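Here's a quick briefing to read with the model open beside you. Have a look at the sequence and structure first, then come back for the notes.

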Amino acid sequence: MKLFVSEGNPHCLKVLAALEVTGAPCDVQYVNHDETVVPFLSRPALPALLLPSGLHLFSPNAICQYLFEVKGQESSDLCSQWLEWEATDLQPALLQALHMAVLQGKASNLPKFLQGPLNYLDQGLSKRDTTYLTGEAVSLADVVLWAALYPVLSEPSLALGEGKSVKAWFGRVAATHGFQSAAQKVLQGKGLQGMKSYMQRQPSRQSSQCRDTQPCNS
Amino acid sequence: MALRELSSLEKYLELKKPNKYSTQGDKKVPVLQNNNGAPLVGLVTIARHLVKEAKRTELLGDSAESRAVVHQWLEYRVTRLNGCTKDDIKTILKELNLYLQDKSYLAENQLTLADILMYYGIQPLIVDLAVQEKEQYVNVTRWFDHMQHYPGVRRHLPPVVVLRNRIYTGRHH
């Protein structure tokens, strides 16, 4: 099993953190952002995991799920729900926000994109009143959401005004052994600027920005 | 759209009592009102729950590896296919066509939830394809035709004529 990652790519933070938490045995290879690892995809996609069968996983969340399962932790309905929300709601908002902050230098616009998702997360946390997202131990959902939000929540200067529950949860997960070293590997301590070369290669997502675009299969 | 898919999935799974659904937000994300707990939100989350309720967990994959592959294509379905634009369609069809080159199913060598939801989601795209495009994406159309003929899967969708018989074209003479 071999994991391909690239520096400064925020999605790689998820899988490296999952690797640290689970201790799953896996080779890690650093490659360039443009390296084509997954043969059937039109654009280079990292991280990618080469499975023992020879198949590639290209979704960071599916890779994390696999690493947790290899160590015997299956995901619950609640975990699945947070992962789906992360992929369909949080990621499009984060991509726009990071595009704005990293490439256009408009960090002050971040709350406009992230306030909604952060409120949703805050309500989810305060409603259940557990230490972590799905219970009293760090789960797959915590790793994925923590890593997704790390670039924006680890910068106090951004003043996102995240709710109390999010702030406390983020701090608790951050204290978990191994997460800081995963963050250091990906962002090199450079914060948002550490992602610049990665963000420059991302297409600006017109499709999700433009609400007027008619979805083809609604 | 999503609610019809879930109701078709319930029938495929032969669940006795139909569930009550609502939607939330402007993207009309499905919500399952669950009697014994908090409501479940999201097409993939609810579909996975239904599969477990019907005790058909082989549809989620038989090994850790295939469960991850199933997860990946379910995520692809709701992140890439949902709300895709005309420009995205070509990329999606091209990627799936390459992936399905040597495969009959999206994961493993058997039907999984990934095939079912991908089939429901991609049907509107296939309906709109011209004959030449159907031949261009021949692996997708082969897989699609397989799905719509798979016992019990098609349900709410009308059948689509995808391929003409190309065996006797005379090219090899």
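Predicted model: local features only at pLDDT ≥ 70, side-chain atom pairs only at ≥ 80, totals over all residues.

Chain A and chain B bury about 3,200 Å² between them, and 3 salt bridges are counted between the two chains. Over all chains, the search turns up 10 salt bridges.

**Where the chains meet**

- On the chain A side, 37 residues are in contact with 42 residues of chain B.
- Of the area buried between chain A and chain B, 53% is on carbon and sulfur atoms.
- The interface also has 16 residue pairs in polar contact, counting pairs with both residues at pLDDT 80 or more.
- Strand 4 (56-57), helix 2 (60-70) and helix 3 (77-103) of chain A each put at least two residues into the side that touches chain B.
- Helix 3 of chain A gives the most to that side, with 8 residues.
- By type, the chain A residues that touch chain B split into 15 nonpolar, 15 polar and 7 charged.

**Salt bridges between the chains**

- As a bit of background, side chains of opposite charge can pair when their charged atoms come close.
- A:Asp77 pairs with B:Lys52 in a salt bridge, with the closest N and O atoms 3.2 Å apart.
- B:Lys52 counts as partly exposed because its relative accessible area is 32%.
- A:Asp89 makes a salt bridge with B:Lys27, and here the closest N and O atoms are 3.7 Å apart.
- A:Asp89 sits in helix 3 of chain A, while B:Lys27 is in the loop between strand 1 (21-24) and strand 2 (29-32) of chain B.
- With 29% relative accessibility, A:Asp89 is classed as partly exposed, and B:Lys27 is partly exposed too, at 48%.

**A salt bridge within chain A**

- A:Arg201 and A:Asp34 meet through their side chains in a salt bridge, at 2.9 Å from N to O.
- This one links distant parts of the chain, since the two residues are 167 residues apart.
- A:Arg201 lies in the loop between helix 8 (196-200) and helix 9 (206-209) of chain A, and A:Asp34 in the loop between strand 2 (27-30) and strand 3 (48-50) of chain A.

**The nonpolar core**

- In soluble globular proteins, nonpolar side chains tend to be buried together.
- Here the largest nonpolar core has 135 residues.
- Which residues have the most contacts inside the core? They are A:Leu121, A:Trp146, A:Val152, A:Trp169, B:Trp73 and B:Ile122.
- Leaving aside residues up to four places away in sequence, A:Val152 touches A:Leu94, A:Leu98, A:Leu110, A:Leu114, A:Leu158 and A:Leu160.

**One loop residue to look at**

- You'll find A:Gly72 in the loop between helix 2 and helix 3 of chain A.
- A:Gly72 has 60% relative accessibility, so it counts as exposed, the cut-off being over 50%.
- A:Gly72 and A:Thr22 are 50 residues apart in sequence, yet their C-alpha atoms are 9.5 Å apart in space.

Terms used. Residues numbered from 1 in each chain as written. Chains lettered and ligands numbered in written order. Heavy atoms only, no water. Contact = heavy atoms within 4.5 Å. Buried area = accessible area lost by both parts, 1.4 Å probe. Salt bridge = Lys/Arg side-chain N within 4 Å of Asp/Glu carboxyl O. Polar contact = N/O pair within 3.5 Å; in protein donor to acceptor, adjacent residues only side chain to side chain. Helix = DSSP H or I, 4+ residues; strand = E, 2+ residues; numbered from the N terminus. Nonpolar A, V, L, I, M, F, W, Y, C, P; charged D, E, K, R; others polar. Buried < 20%, exposed > 50% of the residue type's maximum accessible area, 1.4 Å probe, protein only. Core = buried A, V, L, I, M, F, W, Y, C linked by side-chain atoms within 4.5 Å.
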